[in-house]
Amino acid sequence: MTTERTPSHSILFVCLGNICRSPTAQAVFEAHLVTSSLADQIKVDSAGTAAYHLGKAPDPRSRAAARSRGYDLDHLRARQVTAEDFHQFDYILAMDADNLQQLEAMAPEHSRASLALFLDYAAATDQREVPDPYFGAGDGFETVLDLCEQASQGLLAHLQSESL
Ligand code: 4NP
């Protein structure tokens with residue numbers, strides 16, 4: 001018999017458009033949870049601070065780069081951060097300082113969520129922001145994946161140290 005557990009932690013990844021970086025972070029972190037048999041204990045989602053691409057699938061370049069490393073983004077759809085998210089999620093993790101500033105500006109009183117940069121959990125790099133790959137050269141999507149993989153490991157270790 002399998003028993004479903006109610007998630008004990010919840011994490012929302014946030015970027016600008018929710019079609020490149022934050023869906024990649026979501027899929028990479030979810031894959032880490034599956035590998036660690038923790039997928040039923042942590043709820044994961046992603047959203048954008050902007051409404052440019054609402055309802056759209058992730059950028060084809062993000063999907064292709066992710067697929068080549070075994071991550072599936074195809075089922076994800078872009079949405080915008082809402083005030084309710086600050087009550088629903090324990091952690092809201094931004095991809096860059098602009099995203100974090102936007103989140104801080106919109107956080108309601110009595111927000112439950114801790115706001116931080118995702119790369120605060122990436123111990124192996126001094127880089128603090130996941131660079132926006134949307135307008136840049138092709139290898140930006142590989143950099144996004146590299147950074148999301150590093151930060152996912154650190155975030156998972158952090159949650160486990162909090163006796164998840
Ligand atoms: P993301 O990338 O924030 O990582 O999803 C972007 C996607 C779209 C745009 C900018 C960044 N845009 O300007 O449309």
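Modeller: Ring pairs link Phe-13, Phe-29 and Phe-118 into a cluster. Rings of Phe, Tyr and Trp (its six-membered ring) pair when their centres lie within 6.5 Å. This is a predicted model, where local features need pLDDT of at least 70, side-chain atom pairs need 80 or more, and totals for chains, interfaces and linings use all residues. Residues are numbered from 1 along each chain as its sequence is written, and side-chain values use heavy atoms, without hydrogens or water.

In total, the structure holds three aromatic pairs. Take Phe-13 and Phe-29: the ring centres are 5.8 Å apart and the planes stand at 70 degrees, so this pair is edge-to-face. Phe-13 sits in strand β1 (residues 9-15) and Phe-29 in helix α1 (residues 21-35), so the pair ties together parts 16 residues apart in sequence. Helices (H or I, at least four residues) and strands (E, at least two) are DSSP runs, numbered from the N terminus. Both Phe-13 and Phe-29 are buried, meaning under 20% relative accessible area with a 1.4 Å probe, protein chains only.

Another ring meets a charge. Lys-43 lies over the face of Phe-89, 4.7 Å from the ring centre. The cut-offs are NZ of Lys or CZ of Arg within 6 Å of the centre and within 35 degrees of the ring normal.

Now the ligand. The residues around the ligand include Tyr-52, Tyr-134 and Phe-135, with a heavy atom within 4 Å as the criterion. A side-chain N or O atom of His-53 is 2.8 Å from a ligand oxygen.

Methods:
Phe/Tyr/Trp six-rings, centres within 6.5 Å; stacked < 30°, edge-to-face > 60°. Buried < 20%, exposed > 50% of the residue type's maximum accessible area, 1.4 Å probe, protein only. Polar contact = N/O pair within 3.5 Å; in protein donor to acceptor, adjacent residues only side chain to side chain.
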